[in-house]
Amino acid sequence: ANEAVIVESDGKVAGITAQANATSTSQNGPQMDQSNGPRYIQTAWDSANETIFAFWYEHTGNSGQSQLYCAAGTLIGASTTTVTWGSKVEVYDGMARWPQVACLSSGKFLLTWAQDNNAGKGQIATVNGTTVTLQGSPQDDGVSNKHNDSDLVALTSTKAVLVYAHGSTDDNYIKVITISGNSISFGGATICASSHTNGGYNRVIKLSDTKCLWTYFRSPFQTVYGRVCTVGSSDTTASLGSDAIFIDNKGTGNHVALYDPVKEQGAFIFEYSSRHKPAALRWDYSGSTLTVQTSTITTDLTDANPETYQMKGDISGTGIMHIAFRDHYDSGLDYFKLVQDGDVFTVSDSVQDVGDDIMAYETENVSVDVQLVAPNKFLISWGPQSHNDLRTFVRQYPATDLTTENFIGFSSAAYTNGQTAKINVVGNTTTQSSLTPGKKYYIQNNGSLDLTPDDPSVVGGRALTSTSLLITHA
């Protein structure tokens with residue numbers, strides 16, 4: 001009774017819940033059949049079912065042989081830190097590289113991969129609980145021979161984008177993938193620019209249902225470019241905006257791009273080549289125009305040196321970024337928390353050598369990934385160098401479902417799930433004891449009252465007596 005109440009996105013009311021700052025211990029996941037795995041771990045999160053989907057390859061140790069596997073696990077509940085994994089499923093048996101996965105909709109995922117000497121492939125996988133079912137036969141992507149340095153993102157349940165490097169000069173390309181039921185089709189390839197050769201390090205992130213940001217590298221000038229790309233609901237090729245330079249002769253190509261839709265600002269985290277440490281700068285977009293703030297770079301985010309291809313990250317709805325990578329110097333798993341305020345980046349929670357060393361046997365190996373799975377809650381997956389299993393752990397930063405807009409009042413009684421509740425939204429209400437009459441009180445992240453604002457700052461009301469509050473919302 002007399003509990004602070006918020007209204008949720010579905011129109012129902014609920015008490016305020018908060019998650020404390022916590023780091024879980026590492027957990028062993030699916031086991032590899034070979035001692036040389038897992039390699040190039042890619043993951044995707046299905047928020048509707050609280051399911052993590054992992055896709056990786058295992059090298060058999062024999063020339064010309066590798067196997068692609070996938071598995072699904074559940075991480076249900078805001079306070080849960082242990083993944084419940086299902087059995088792994090073999091996706092492909094042959095010489096394959098660069099597995100990628102994207103969540104299309106509830107229980108549905110798109111898989112793509114490259115072959116060494118033939119066209120790449122794509123296939124739909126569905127998940128029920130933790131059981132993975134591969135749908136139909138793999139479809140050719142139309143890219144002859146091996147493509148590399150790829151990335152994949154789903155824009156909607158029917159459109160996805162694949163970016164990659166290919167050809168004798170490693171030109172960078174983008175392809176639109178159309179999904180219909182459990183069938184997929186690849187559109188024609190669009191090159192980023194004929195002059196951007198010797199490329200790679202392709203990354204792509206979703207900006208909206210019709211737009212994505214594509215970033216890519218050009219050697220030998222150590223330059224990373226970016227473009228806003230547009231894909232309409234009926235398009236089979238992408239329309240490219242003008243390119244912009246993120247870093248010119250300052251990077252190795254190893255980078256992460258993230259976008260905060262609330263603050264409408266982007267972060268670009270990269271390895272600063274002359275310093276061999278992570279750095280960050282701001283970017284923005286409007287329509288198809290990309291603007292990069294190259295004049296203000298925050299350097300030396302940590303003392304570690306991110307390994308090639310081995311830096312991944314994700315961003316929460318509160319703007320907290322979690323960046324994880326393999327340290328080139330000692331092979332350990334490092335991570336840090338990054339917060340952006342315009343051009344200014346602040347690092348905290350910088351941790352080195354989490355668990356066993358990360359695998360790094362070859363350049364096609366990205367054996368760490370990061371997924372946001374709940375407010376300020378990140379799931380980190382990685383492949384340890386000395387063990388043949390997939391490892392995970394959870395990093396939970398303090399979180400609350402209270403916002404500056406969703407507090408509506410106090411409950412008049414105690415209620416359970418599904419009951420019709422009476423909420424006092426204005427006027428005098430009985431609440432917690434020990435209030436100081438005349439003082440303004442703020443709702444705290446856990447739903448309690450205090451004289452000091454929390455983050456976010458939400459006014460509950462002004463105390464009339466030691467046990468009553470005049471609800472004011474301001």
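This is a predicted model: local features need pLDDT of at least 70, side-chain atom pairs count only at pLDDT 80 or more; totals for chains, interfaces and linings use all residues.
Let me start with Asp 149, which is buried because its relative accessible area is 5%, where buried means under 20% relative accessible area, exposed over 50% and partly exposed in between, with a 1.4 Å probe and protein chains only. Asp 149 is found in strand β15, and its phi is near 50 degrees, a positive value in a residue other than glycine. Strands here are DSSP runs of E with at least two residues, and helices are runs of H or I with at least four, both numbered from the N terminus. Most residues other than glycine have a negative phi, and most peptide bonds are trans.

Residues are numbered from 1 along each chain as its sequence is written, and side-chain values use heavy atoms, with hydrogens and water left out.

Glu 264 also has a positive phi, of about 55 degrees, although it is not a glycine. Is Glu 264 buried or exposed? Glu 264 counts as exposed because its relative accessibility is 55%, and its place is in the loop between β25 and β26, the latter being residues 265–272. As for the peptide bonds, a cis bond joins Asp 455 and Pro 456, with omega at about 10 degrees, and Pro 456 is found in the loop between β41 and β42, where β42 covers 458–463.

That brings me to the sheet around β41. Five strands form an open, antiparallel sheet in the order β39-β43-β42-β40-β41, and two strands are said to pair if DSSP finds at least two bridges between them. The edge strands are β39 (427–430) and β41 (449–450), each of which pairs on one side only. Strand β40, residues 440–443, is joined to β41 by two bridges and the two run antiparallel, with Tyr 442 standing opposite Asp 450 in β41.

Elsewhere, β27 (residues 277–286) pairs with β28 in the antiparallel sense over four bridges, and Asp 284 has Thr 291 of β28 as its bridge partner. These two strands form a hairpin with two residues between them, and in the turn Gly 287 has a positive phi of about 65 degrees. In a regular strand the side chains alternate between the two faces of the sheet. In β28, residues 289–292, the covered face holds Leu 290 and Val 292, whereas Thr 289 and Thr 291 are on the uncovered one.

Now to the cysteines. How many disulfides does the structure hold? The structure holds zero disulfides, a disulfide being a pair of cysteine sulfur atoms within 2.5 Å. Cys 103 has its closest cysteine sulfur in Cys 70, and because the separation is 13 Å, that is too far for a bond. Cys 192 is in no disulfide either, since the nearest cysteine sulfur, that of Cys 229, is 9.7 Å away. Cys 103 counts as partly exposed at 22% relative accessibility, whereas Cys 192 counts as buried at 4%.

Finally, the pockets. On a 1 Å grid over the protein atoms alone, a pocket is an open set of points with protein on both sides within 12 Å along at least five of seven lines, where a cavity is a set of points where a 1.4 Å probe fits but cannot get out, and lining residues have an atom within 4 Å of a point. Grid points are joined across faces, edges and corners, and a volume is the space filled by probe spheres set on the points. The largest pocket has a volume of about 1200 Å³, and of the 40 residues that line it, the closest to its centre are Val 153, Ile 205, Lys 206, Asp 314 and Gln 371. Among the elements that give two or more residues to this lining are β15 (148–154), β20 (199–206) and β33 (368–374).

The second largest pocket has a volume of about 720 Å³ and is lined by 25 residues, with Gly 317, Thr 318, Gly 319, Asn 376 and Thr 400 nearest its centre. Which element gives the most to that lining? Strand β33 does, with three residues.
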